[in-house]
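Dear colleague,

I am passing the structure on to you below, followed by some notes on what was found in it.

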Amino acid sequence: MSAASDPHPELKPALVQLLRAAYPHPSFPDGPYERTADKVLSELDADLWHRVVLERGLATLDREALADPHAPEAEAYLRGIAQAEFFRFVRGVAVTTLYDDHEVWELLGYEGASFDQGGYLHRGFDDLDWLPDPRITEYDGDPLQPVADHDELPTG
C-alpha cells in the first residue's frame, strides 16, 4: 500500500513500532511489520469503533518505552497495555497476518503447508538439527505389568 493510497498514514509509524515490540524478531526487516500494519489499518474503515479505539490507543502510546523492542522496558510496557482494547484488536489481526507472511516463513525456515507435497513424513519431520541427539537406552527396570485385562505383554 503506498502512502498516497493509505487512508491512515499518520498511524502507521507508531503501529509498526508497536508491532516490532510485540513481535520482536531481530532478523525481520521492516517489510513484514509494515504489511501487518497495513492489514490492521485496512480493518479500520469497516469498523468506526476500532478506528476510534486504535487512534486513541496509538495517540497515547509511550513510544519511548518501545524504542528498543528487545529491552525489558518494552516488555513491561506491553504487559501493562495487554488488556487495552486497541492492543487486543491489533494483536488479533497481527498474530495471524505477521506469521502468514511468506517472507516471514522464509526467515523462520517454515516451508509452508505440507499436504500438497505429500506430508512431512518423508520431508524432514525429524530434521531437528538444532536439538542434541537423543540418548537411547534399553529399559532395564521392573518387568512390565499389564494394566488392563486385554493388555498383552511383549514376548521375546
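In these notes, buried means under 20% relative accessible area, exposed means over 50%, and partly exposed lies in between (1.4 Å probe, protein chains only). The model is predicted, and local features need pLDDT of at least 70, side-chain atom pairs count only at pLDDT 80 or more, while totals for chains, interfaces and linings use all residues. Residues are numbered from 1 along each chain as its sequence is written, and side-chain values use heavy atoms, with hydrogens and water left out.

On the aromatic side, rings of Phe, Tyr and Trp (its six-membered ring) pair if their centres lie within 6.5 Å, with planes under 30 degrees apart counted as stacked, over 60 as edge-to-face and the rest as tilted. By this rule there are 3 aromatic pairs. One of them joins Y23 and Y99, whose ring centres are 6.0 Å apart and whose planes stand at 75 degrees, so the pair is edge-to-face. Because Y23 lies in the loop between α1 (12-22) and α2 (30-42) and Y99 in helix α5, this pair ties together parts that are 76 residues apart in sequence; helices here are DSSP runs (H or I, at least four residues), numbered from the N terminus. Y23 is buried, at 11% relative accessible area, whereas Y99 is partly exposed at 30%.

The rings of W105 and Y110 also form an edge-to-face pair, with their centres 5.0 Å apart and their planes at 85 degrees. Here W105 is buried, with a relative accessible area of 17%, and Y110 is partly exposed, with 41% relative accessibility.

Technical notes. Helices (H or I, at least four residues) and strands (E, at least two) are DSSP runs, numbered from the N terminus.
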